[in-house]
Amino acid sequence: MPPRPPAHLLRPEDGRPVDAARRTAILDWTVSQYVATGWRVESRSPTQAVLVRGQPVNHVLHAILTVFTCLLWGIVWIALAVGNQVERVALTVDDDGQVQVVQGPG
């Protein structure tokens, strides 16, 4: 569940529908909340943002270390490969100003 934007971003005082500039402001606010909790922006447009948390394992580096340590580093490499998680979410804002979150592939 994404964080809820402040009320002044959601609806104009006169009751008009949410325009493109306000939807962009809502998306900006939501992205900043995710970034504050450790996510990073992978791609961004005025209507959508893709955020990522976690780092992929550098298999080339670990293969070299494993060879140079006579296979001892292989234990660390296996632990990192098994325990590593990369999370990805796509955020969009609909016409009502609601943030839609779609979980992406890791």
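This briefing describes the fold of one protein chain and then turns to a few of its residues. The model is a predicted one, and the protein chain in it has 4 helices and 4 strands. Read along the sequence, these elements follow the pattern α-α-β-β-α-α-β-β. The radius of gyration of the protein chain is 20 Å, whereas a compact globule of 106 residues would have one near 13 Å.

**Overall shape and surface**

- Taken along the principal axes, the box that the C-alpha atoms of the protein chain fill is roughly 70 × 20 × 20 Å.
- The protein chain has an accessible surface of about 7,000 Å², and carbon and sulfur atoms account for 63% of that area.
- Of the 106 residues in the protein chain, 26% count as buried.

- Threonine 30 has its place in helix H2, which covers residues 20-36.
- Threonine 30 counts as buried because its relative accessibility is 0%, and the cut-off for a buried residue is under 20%.
- A polar atom of the side chain of threonine 30 lies 2.9 Å from the backbone oxygen of isoleucine 26.
- When neighbours within four places in sequence are left aside, threonine 30 is in contact with Pro2, Pro3, Pro5, Leu91 and Val99.

**A nonpolar patch on the surface**

- Val60, Ile64 and Phe68 form a nonpolar patch on the surface, and together these residues have about 350 Å² of accessible area.
- Isoleucine 64, one of the residues of this patch, is found in helix H3, which covers residues 59-68.
- Isoleucine 64 counts as partly exposed because its relative accessibility is 42%, which lies between the cut-offs of 20% for buried and 50% for exposed.

**The loop between H3 and H4**

- Cysteine 70 is found in the loop between H3 and helix H4, the latter covering 73-83, and leucine 71 also lies in the loop between H3 and H4.
- Phi of cysteine 70 is near 55°, which is a positive value in a residue other than glycine.
- Leucine 71 likewise is not a glycine, although its phi is positive at about 75°.
- Cysteine 70 counts as exposed because its relative accessibility is 64%, and leucine 71, with a relative accessibility of 64%, counts as exposed too.

Terms used: Residues are numbered from 1 along each chain as its sequence is written. This is a predicted model: local features need pLDDT of at least 70, side-chain atom pairs count only at pLDDT 80 or more; totals for chains, interfaces and linings use all residues. Side-chain values use heavy atoms; hydrogens and water are left out. Patches are made of residues with over 30% relative accessible area and no salt bridge: like charges are joined within 9 Å, nonpolar side chains (Val, Leu, Ile, Met, Phe, Trp, Tyr) within 5 Å. Accessible areas come from the Shrake-Rupley method with a 1.4 Å probe; for residues, only the protein chains shown count as cover. A salt bridge is a side-chain nitrogen of Lys or Arg within 4 Å of a carboxyl oxygen of Asp or Glu. Helices (H or I, at least four residues) and strands (E, at least two) are DSSP runs, numbered from the N terminus. Buried means under 20% relative accessible area, exposed over 50%, partly exposed in between (1.4 Å probe, protein chains only). The radius of gyration is taken over C-alpha atoms; the globule rule is 2.2 Å times the number of residues to the power 0.38. A polar contact is a pair of N or O atoms within 3.5 Å; within protein, one must be able to donate a hydrogen and the other to accept it, and residues adjacent in sequence count only if both atoms are side-chain atoms. Contact means heavy atoms within 4.5 Å.
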